[in-house]
Amino acid sequence: VGGFGCAFGLGWLVALVMCAMLPFMGVGAAVMGKAVQEIQLESQSWYSKAACVVEECLYAMRTVVAFGGERRELQKFQFALVQTRRGGIRNGFKIGLGLGYTTMIIFAGNALAFWFGMTLRYNDQVNPATGRPWEPGNILAIFFCVFTGSFMIGNLDPSLKALAAARFAAGRFFQVKENRPQVQCGDVDGRKDLESIENFELREVHFSYPARPDVKILNGLSLEISRGQKVAVVGES
């Protein structure tokens, strides 16, 4: 704001011409900001999926091997990494496009400002702000003031998005904190008692995992357990 104030104070005519390029710079900044936000969201999403696959495999290694799911888990991990790479390439193209567009607008604005300022100088036009002919020093000062102010305004976009994200997260937090669930746990258990189970029995139970149908885990298991009896079933794993 201070840069724009100084620019309009030194010469509002040239400053106004340079400010005509600000909407075009805003479009480029918006494209770049959106691309950066998408990169963060997509990268975190796909990397977290890949990390979840690795974590599940490490914690349930025996189960994965028992079901023969090594190749399937590797394919899931590779798919997550491929999606991350594709998202990075796609968003990198957006960033490059936005950066190229912004740079083009900056150079176009510089050319317009210098052309307009030198035209006023060569024609001996009077600066309305000073009442004297335009001077090259004033033109350069206006140029750098507007350029610096535009650059700082462009840096506000990520901060505003972070502030909006923080407000959204805080709103969800307070919503959960102040929410009163409709289902309340009573002090007295009003559930009906289950009927008494004296014993239960297993007869000729056969079981094998789908990945290894030829390996019998339970081969004709028959078992009877009475009430109050403690039974432990022990296997290889």
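The legends below describe close-up views of a predicted model.

In this model, local features need pLDDT of at least 70 and side-chain atom pairs count only at pLDDT 80 or more, while totals for chains, interfaces and linings use all residues. Residues are numbered from 1 along each chain as its sequence is written, and side-chain values use heavy atoms, with hydrogens and water left out.

View 1. A search of the whole structure finds two cavities of 30 Å³ or more, a cavity being a set of points, on a 1 Å grid over the protein atoms alone, where a 1.4 Å probe fits but cannot get out. The largest cavity holds about 110 Å³ of space, the volume being the space filled by probe spheres set on the points, which are joined across faces, edges and corners.

**View 2. Helices around the largest cavity.** Helix H2 (22-59), helix H4 (70-122) and helix H5 (136-154) each supply at least two residues of this lining, where helices are DSSP runs (H or I, at least four residues) and strands likewise (E, at least two), numbered from the N terminus. H4 gives the most, with four residues.

**View 3. Two aromatic pairs.** The count comes to two aromatic pairs, for which ring centres of Phe, Tyr or Trp (its six-membered ring) must lie within 6.5 Å, with planes under 30 degrees apart counted as stacked, over 60 as edge-to-face and the rest as tilted. Phe173 and Phe174 form an edge-to-face pair, at 5.2 Å centre to centre and 75 degrees between the planes. The rings of Phe207 and Tyr209 have their centres 5.3 Å apart and their planes at 75 degrees, so this pair is also edge-to-face. Phe207 is partly exposed, with a relative accessible area of 37%, on a scale where buried means under 20%, exposed over 50% and partly exposed in between (1.4 Å probe, protein chains only).

**View 4. Two salt bridges.** The count comes to two salt bridges, each a side-chain nitrogen of Lys or Arg within 4 Å of a carboxyl oxygen of Asp or Glu. In one of them, Glu198 meets Arg227, with the closest N and O atoms 3.7 Å apart. Glu198 lies in the loop between helix H6 (156-178) and strand E1 (199-207) and Arg227 in the segment after strand E2 (218-226), so the pair ties together parts that are 29 residues apart in sequence. The side chains of Arg203 and Glu201 also form a salt bridge, at 3.1 Å from N to O; Arg203 is exposed, with a relative accessible area of 63%, whereas Glu201 is partly exposed, at 41%.

Key: On a 1 Å grid over the protein atoms alone, a cavity is a set of points where a 1.4 Å probe fits but cannot get out, and a pocket is an open set with protein on both sides within 12 Å along at least five of seven lines; lining residues have an atom within 4 Å of a point.
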